[in-house]
Amino acid sequence: MSFYSGILLGIVVGVLLIVALARAASVRAKCRSDLAMTIAAFARMTAQDSRKVIPKEFYPSWVVFTQQQKLHWLNHQLQKIWPYVDAAASELIRSNVEPILEQFRPVILSSLTFSKLTLGTVSPNFTGIDVLEDEADTGGITLELEMQWDGNPNIVLDIKTKLGVSLPVQVKDIAFTGLFRLMFKPLVDEFPCFGAVCYSLRKKKNLDFKLRIIGGDISSIPGVSVAIEETIRDAIEGSIMWPVRQIVPIIAGDYSDLEAKPVGTLELKLVQAKELTNKDIIGKSDPYAVLFIRPLKERTKTSKTINNQLNPIWNEHFDFIVEDVSTQHLTIRVFDDEGVQASELIGCAQFALKDLEPGKVKDVWLKLVKDLDIQRDNKNRGQVHLELLYYPFGTDKNLYTNPFDPDYTLTSVEKALQTAPYGSEDSDSGKPSSPQKRDVIVRGVLSVTVIGAEELPSVDFMGKADPYVVLVMKKSETKVKTRVVHDTLNPVWNQTFDFLVEDALHDLLILEVWDHDTFGKDKLGRFLMTLTRVILEGEIQDSFPLEATKSGRIFVHLKWAAQPIFRDT
């Protein structure tokens, strides 16, 4: 009996041990799972989450610091070492800036050098700091520092004019606000882990200074003050303004690949402007446009002046060198020409080059504003019409597709529009050949079918109109017109006209819709178009909104047959 009792007891104890071990394993597994979930939750925690969980008295000192406190610490340390920075930087600036001033020296001066140069006792103040993370650029670290400096430097320029007059000119009361970019690259496996430091002025928000002749009045010498101020601003723009950057080697090596180099060309057609603000009391403004990517004299383009016109048509071509398509902008400023007096700004606009797709034409209307930095401008100052085309260097242009048909490669006409690669040679002459866009004539026949129009504005007493269309090729001044369709605001013409175009790159097609009356005529609207799209696509059919009217669209079919011809140069 005791034998069977022992067996039963052993079975019960074994079952209990198995249950206990299984339960312990389950509890241990659950604890491990909870721990893993907790660790994962901590890994996902941000600094803000940590502040909600951990009491403030347990924060480490570096966590307690806010961005402003960190900047305060940085500015405090800079203020302590500023006397040493002043001594080191002054000589560096003198040796590097004097050749640049000589490069931009105006013709009325024979020499421009520093006689004194110290940065004063007031250190710059950093107001912001940011680390730029670019997944495509893994070879370095980029910082951007926002800086404000109301300095008291002692800067004296020794200036000699062409007349032999020597002038000591003091630069004083400097006020500067801008964004500096520091790049530490390339990253290397040798201390301090980067090969060079590149610095550049990413954005110049404000730069003011005063010029004073020591012991005299600089305004008493006409033109000198303006010339010196322009020289200083051009020197800054040409030497340190992004995308130009200065390179300081830390570890010996070749860092020429870090220098700013041209990466492409921007082809621009300044087509027209509309509804410009009138700046003249008598008559209308005489507008002209100034365009640039970098505001250097040699890189700034100026259009012709259109007299007494608030809706000017320029139809001019310009090209610009692009050095950083991701950050650079095209800037356009429209002025009213005042003759001998200073021109008056009508408005300005900017376009980011990063919004362009290489090899594709972009047609844009830019709204003019008073100030590019202050966008709170609700006044209508007009709009500017541009066509933009960006081509990067070092890329096979045959890879680009037609802007309006992705499956259609470049035609022979499009290839003729492009500049040949630098260093290429003509097979017959053996001489370098680079036919520019302005040296190409695209001659051919433009067939225009005026299909119809819809929702034209009513001008008759009966709420109807008798519309017809006048077609004008602007450059050749060829003019034709359709028949008159009576008593309708939705006319159908279906008439075709052929134009022999001698230079399609520089011509415009203007469609004007008129109302025919026995004793006069009323303009119902117009549409102006370049021939770029029809040259690239060959044939298009589309509708276009009429300008200078409250409503209306016109339907046209365009067909182009072209043959490029090169001018003898």
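Is Pro-287 buried or exposed, and what is its relative accessible area?

A: Before turning to that residue, note that this is a predicted model, in which local features need pLDDT of at least 70 and side-chain atom pairs count only at pLDDT 80 or more, while totals for chains, interfaces and linings use all residues. Residues are numbered from 1 along each chain as its sequence is written, and side-chain values use heavy atoms, with hydrogens and water left out.

Pro-287 is buried, with a relative accessible area of 0%; here buried means under 20% relative accessible area, exposed means over 50%, and partly exposed lies in between, with a 1.4 Å probe and protein chains only. The residue belongs to strand β9, where helices (H or I, at least four residues) and strands (E, at least two) are DSSP runs numbered from the N terminus. Contact here means heavy atoms within 4.5 Å, and, once neighbours within four places in sequence are set aside, Pro-287 is in contact with Leu-276, Lys-304, Thr-305, Ile-306, Gln-309, Pro-312, Trp-314, Val-334, Phe-335 and Ile-346. One of these, Val-334, lies 47 residues from Pro-287 in sequence, yet the two C-alpha atoms are 6.5 Å apart in space.

Strand β9 is part of an open sheet of 4 strands, ordered β10-β9-β12-β13 with antiparallel pairing; two strands pair if DSSP finds at least two bridges between them. β10 (301-302) and β13 (344-352) stand at the edges with a single partner strand each, so one side of each has no neighbour in the sheet. Strands of a sheet pair through backbone hydrogen bonds, either parallel or antiparallel. Between β9 and strand β12 (residues 329-336), which run antiparallel, there are 6 bridges, and Phe-292 has Thr-331 as its bridge partner in β12.

The loop between β8 (264-274) and β9 (287-292) holds Glu-275, which has a positive phi of about 55° although it is not a glycine. Glu-275 counts as partly exposed, at 43% relative accessibility.

The antiparallel strands β8 and β15 (residues 383-392) are joined by 10 bridges, and Gly-264 has Pro-392 as its bridge partner in β15.

Arg-181, placed in strand β5, is buried with a relative accessible area of 11%. Its side chain is joined to that of Glu-144 by a polar contact of 2.6 Å, a polar contact being a pair of N or O atoms within 3.5 Å; within protein, one must be able to donate a hydrogen and the other to accept it, and residues adjacent in sequence count only if both atoms are side-chain atoms. Beyond its neighbours within four places in sequence, Arg-181 is in contact with residues including Leu-132, Thr-142, Cys-198 and Trp-242. Thr-142 is 39 residues from Arg-181 along the chain, with 7.0 Å between their C-alpha atoms.

Strand β5 also contains Asp-173, which has a positive phi of about 55° although it is not a glycine, and which is partly exposed at 42% relative accessible area. Pro-186 is placed in β5 (residues 166-187), and a cis peptide bond with omega of about -5° joins Lys-185 to Pro-186.
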